[in-house]
Amino acid sequence: MPTNDNSNKTNPIVAFRRYLRLQRGLSPNTQEAYLRDVGKLVAWASSAQEGEEESDHKKLLELELKDLQNFSASLHDMGIAASTHARILCGVRAFYKFMAMDGWVEQDPAELLESPIQDKHLPEVLSTAEVDMLEASIDLSKWEGHRNRAIIEVLFSCGLRVSELVNLTFAQVYEEEGFLRVFGKGSKERLVPISGKAIKELHLWYDDRCHLDIKPGEEDYVFLNRRGAHLTRTMILIMIKQQALLAGIKKTISPHSLRHSFATALLEGGASLRAIQAMLGHERIGTTEIYTHIDMSTLRQEIEQHHPRNLKTVHSS
């Protein structure tokens, strides 16, 4: 049972950081993001509350739901985007959930704190034909040609995050079994099937890769640059945008567009949201619902063809 005897405890923010690292196993970047969110609340509490003699962490422990609602309102008044606003409140809720669990506060004041309503902005989606156009636009006479085709095909066939792709190693590729072993957010592991076409493109890249002068320590990475070091997210972004331009694709796309196109193709092909959730590595099904959609014209056509109210009754004479 949690207790309120904190005499032997450290600063709650320090304790929260330790919890994120040791118990949640979050990456350093994600830890810092949570702490920045709490830092915004600390700054607001310091300016909004009287009692300058109180330490910042003591103020945090005294905040109530109405205070957190006022903090949320201040974010709105500053014109912060709804998505950023919601992310900050997510960090605040995580902080107070830990505070209650660890006995710093008796009740979680953020339990009923609501997030702003967000527009479900969806990135551009590429059809399979457009992905083929993207790959066909690549100049295979260049040293990076087969590499770039393999990158696009793996992103589209496996739905990887760009961070997962740039960190992909040979030990994660199980060709005979036909899957990739991927480490996603928070180092969470998942298995993703890989298509025969993606494996073929990888082999064509491997033939070119063996001619590179690979830097020590970079030998295990699947995708390398011309200097023999593994790629960065920015390099992938630039390459995708350049190829879209060469392919005559007018949509504004990024590496994430291929991940989203993967999920959309699966959904339109009849895959369940639960299966797509597992493939994408989403913790919550709600995230999958945001990142997948059915073309409304297709949905309308399906309803008109299959809904019982629209079926014509055939009367026998």
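Guide: Let us begin with a definition: helices (H or I, at least four residues) and strands (E, at least two) are DSSP runs, numbered from the N terminus. By that rule, H10 is a helix, and it is followed by Gly248, whose phi is positive, near 75°. The model is a predicted one, in which local features need pLDDT of at least 70 and side-chain atom pairs count only at pLDDT 80 or more, while totals for chains, interfaces and linings use all residues. Residues are numbered from 1 along each chain as its sequence is written, and side-chain values use heavy atoms, with hydrogens and water left out.

Visitor: How many helices and strands are there in the protein?
Guide: The protein has 14 helices and three strands.

Visitor: With which residues is Leu280 in contact, leaving aside its neighbours within four places in sequence?
Guide: Contact means heavy atoms within 4.5 Å. On that criterion Leu280 is in contact with Gly159, Arg161, Arg190, Arg259, Phe262 and Ala263. Of these, Phe262 is 18 residues away in sequence, with 9.3 Å between the C-alpha atoms.

Visitor: Why is a set of residues called a nonpolar core?
Guide: The name is given to a set of buried Ala, Val, Leu, Ile, Met, Phe, Trp, Tyr and Cys residues joined through side-chain atoms within 4.5 Å. The largest such core has 46 residues, of which Leu134, Val154, Leu180, Phe223, Ile236 and Leu258 touch the most other members. Its largest share, seven residues, comes from H7. Val154 touches Leu180 and Phe223 among others, not counting residues up to four places away in sequence. Apart from this core lies another, of 30 residues, including Trp44 and Phe71. In soluble globular proteins, nonpolar side chains tend to be buried together.

Visitor: Why are the buried residues of H10 said to line one face?
Guide: The buried residues of H10 are Ile236, Met239, Ile240, Gln243, Ala244 and Ala247. Seen down the axis, they fall within an arc of 135°, so they line one face of the helix; the arc is that of the directions from the helix axis to the C-beta atoms. The face turned away from this buried side carries the exposed residues Thr234, Leu245 and Leu246. The cover over the buried residues of H10 includes H6, H7, H8 and H11.

Visitor: Which residues of H4 are buried, and what places them on one face?
Guide: In H4, the buried residues are Asp67, Leu68, Phe71, Ser72, Ser74 and Leu75. Their arc is within 155°, so they line one face of the helix. The face of H4 turned away from them carries the exposed residues Lys66, His76 and Asp77. Just after H4, Gly79 takes a positive phi of about 80°.

Visitor: What makes two strands a pair, and which strands stand at the edges of the sheet?
Guide: Two strands pair if DSSP finds at least two bridges between them. Five bridges join S2 to S3, which run antiparallel, so by the definition they pair. The open sheet of three strands has the order S1-S2-S3. Strand S1 (173-174) and strand S3 (189-193) stand at the edges, each with a single partner strand, so one side of each is left without a neighbour in the sheet.

Terms used:
Buried < 20%, exposed > 50% of the residue type's maximum accessible area, 1.4 Å probe, protein only.
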